[in-house]
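Dear colleague,

Please find the structure below. My notes on it follow.

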Amino acid sequence: MDLDDTPEQAAHRTRVRAWLEEHKGEAPVLTGPDALTDEAEIVSARRLWQGKLAEAGLAGVTWPKEYGGQALGPIEQVVCNQEIAKAGVPGILDAIGVGMLGPTLIAHGTEEQKGRYLGPMLHGDEVWCQLFSEPAAGSDLAAVQTRARQEEDGSWRLTGQKVWTTNAQFSSYGLLLARTDPEQHKHKGLTMFILPMDAPGVTVRGLRQISGEAEFNEVFLDDVALDADAVVGGVGNGWGTALTTLMFERVTIGLGGEGLGFNSLRFTKAIASDEHGRRDPKVRKELGEIVSELLAVRFTGYRTLTALQKGQIPGPEAGLAKVTIVNGAIKAGDLIADVLGPDALDEDSEWAYMISFLPGLKSAGGTEEILRNTIGERVLGLPPEPRLDKGIPFSELRSKEGAAA
Amino acid sequence: MNLALSDEQVFLREAARGALSRFKTLEAARAALDGDDSALPDLWPTAREAGWPGLLIDDAHGGAGLDAFDAMLVLGECGRVLAPVALLGHLPATAILNASPSAAGLLEPLATGERRAAYLPAMPPNDLVDGWCVDPKHGSTRPSAPQAKDDGKGGVLVSGTLAFVPDAPGADVLVGVALLDGKPVGVAIESSANGVSVEEVHRYDATRSLGHVTLSGAQATLLDTPLEALAGAWHLTQTLIAAESLGSVETALEMSVAYAKERHTFGRAIGSYQAVKHSLTEVLRQLENGRSLLYYAGWSRQGAPAEFPLAASAARSVAGRALDQGARTMISVHGGIGATWEHDAPLYFRRAQLSRRLVGGTGAATDRVAGELIAQAEAA
């Protein structure tokens, strides 16, 4: 049992560190007095920086060499991420594309799709977004209603609405889950598509949240035309393709918990700055409980890495780490604001922003309740919830739901 | 990076499970609560056969030369079946002696288990409390650690009281910390020496052997233990209680899940109800967090000693709360039957209630996590 680098990993780390030392001056500045403020400027600077990281082999480390990757293991990617964080420079802009959607294309895409899309994705020339969730399909993702109809020439027409889409406002492409056959039952009639975001009929609208900022988007599809070769993984196989993306999402969460900035030391600094709070037994008890759990998640991440190194795939229990992180950060936000007072809720305060962001994050990637159902059933082996949507065509589901209510 | 068990560690754990499965420890725990003191099996011969007493003693002195994580695996198995093996007292005591060159002569009979040691727990200072202190007999005011004075013959005479010392009754030698001119030193005291009294006490969980130790000018051997190892024994004890607690949580969760699958109400297995499913998932979440922190503690004792107090305290904090949650959930998932004398759930509940209040309690560990982090934040 150890946390040490193997000689190969140590050599890799030295190389990565040396590159960052030489090139960190080229990274965009996102914090401090010299920080970029214009969003378009930030995006283009970060795309350029992603290209440099990819060129140097610090991004897409686990991707095959033929698509610009290094064909190394997840631990080497983690080494890169650690060194990037240590150097104080931003990571890649398109973590969703490179971490989740690219690997999905690698697993299910045609040779033409891989050859066309992967290189520009990795280098930040074309940013991607994930068009899965809908207003009525989040935790129950297989309930998507965006409808894709095939024309006689084999091309497709798509109509519907997606939501919670990160980066859509500057994405070139989206990976989109749509219903192609409502007469099948709900998991079977789905198909995955590649959507050019500049296609006629695509409208992107920012979705403002509690903080007032718009980190996500709504994406509207109004009779959007797609060629037959936009299908990924075959018609009717959309659910299996989506599960691949979600598996990579779990890996990303499992490896990057503290990347969200919900870090025990950062929280403790805020408490320690208050002379009374740092000595108050109740504050210390609450702080100790919160940071113990956040520390645990760091080591759960190392356990996940060990499993990945041995060729095992993390299961839904990795979702428990997300529950711990989000709830721990919520409690930390409350505690910090209790200790610091209303100043912590100043609109310019980092804590006000975090406090506003977390209630929504609780549902991101599946609500906590659904995660607990999944883990209870898949990990503990408990009997499933009774459900109404098994074994009937999707088209009949609505009337059945109405009757049950 | 490798945070998985080695083949040897898997074997150690399975051998422990096998050895303990030969005893009806839960039935014995219930009978002992009913007043039958002879019901509890003597597991020390089993421990000796398995080599557990020497786990943390170097092989040059007859031990296995293993590390804290290996000891945690054994304690986890004890916790699974509430087996009363006197390792919680013995192992930290041997860790102190093993770090003291002058104590080399004491080690061999302790490594074989021919003699048994008990650790006298003293809590090291933290960011708010300057001195070393011990658990009180009653209430929440912690007395200072025992005082030592020079006996003029190279040894020391030790005076003080320590309450609720695990595995003290029947131990041959007591090992811990005393203050000599205000400075912490390691001491080893034969329990047969003049001025030593060990009063056996029982509280709520009959499987837990505890003693109030009174030292009145007791003759002691002065040890040359490094300060880090004196504090380390406290933190090691925290990790052992954490491991033992998580072992109990494993059983509590397994029993609860099994019952939730077979028990039906309103025509459905109760495990299909979200309320039940989510409460069991919560126990799993806390158990997994605790397991991760056992890895942290096990690794840091050698790999990053400066972090060991934080890791050990965090493990105790999370594991203690996991056991509270796991034991209460076990009772509520079983419904009324889970609160009856004949059921095993109350035995785990009793374990949780007492463990939470021993050797500083879950509360002191949680407070130390905060203190360690505050110190880190100020240094950063």
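The buried residues of α5(A) are covered by elements including α2 (39-55), α4 (95-108), β1 (128-131) and β4 (173-179) of chain A. Here, helices (H or I, at least four residues) and strands (E, at least two) are DSSP runs, numbered from the N terminus. This is a predicted model, in which local features need pLDDT of at least 70, side-chain atom pairs count only at pLDDT 80 or more, and totals for chains, interfaces and linings use all residues. Residues are numbered from 1 along each chain as its sequence is written, while chains are lettered from A and ligands numbered from 1 in the order in which they are written.

Tyr117(A), Leu118(A), Met121(A) and Leu122(A) are the buried residues of α5(A); a residue is buried if 20 or more other C-beta atoms, placed from the backbone, lie within 10 Å of its own, exposed if 12 or fewer, and partly exposed in between. Seen down the axis of α5(A), these buried residues fall within an arc of 115° (taken from the directions from the helix axis to the C-beta atoms), so they line one face of the helix. On the other side of α5(A), Glu112(A) and Gly115(A) are exposed. Just after this helix, Gly124(A) takes a positive phi of about 80°.

**Contact between the chains**

Chain B contributes 43 residues to the contact and chain A 44 residues, two residues being in contact if their C-beta atoms, placed from the backbone, lie within 7 Å. On the side of chain B that touches chain A, α8(B) gives the most, with 16 residues.

Yours sincerely
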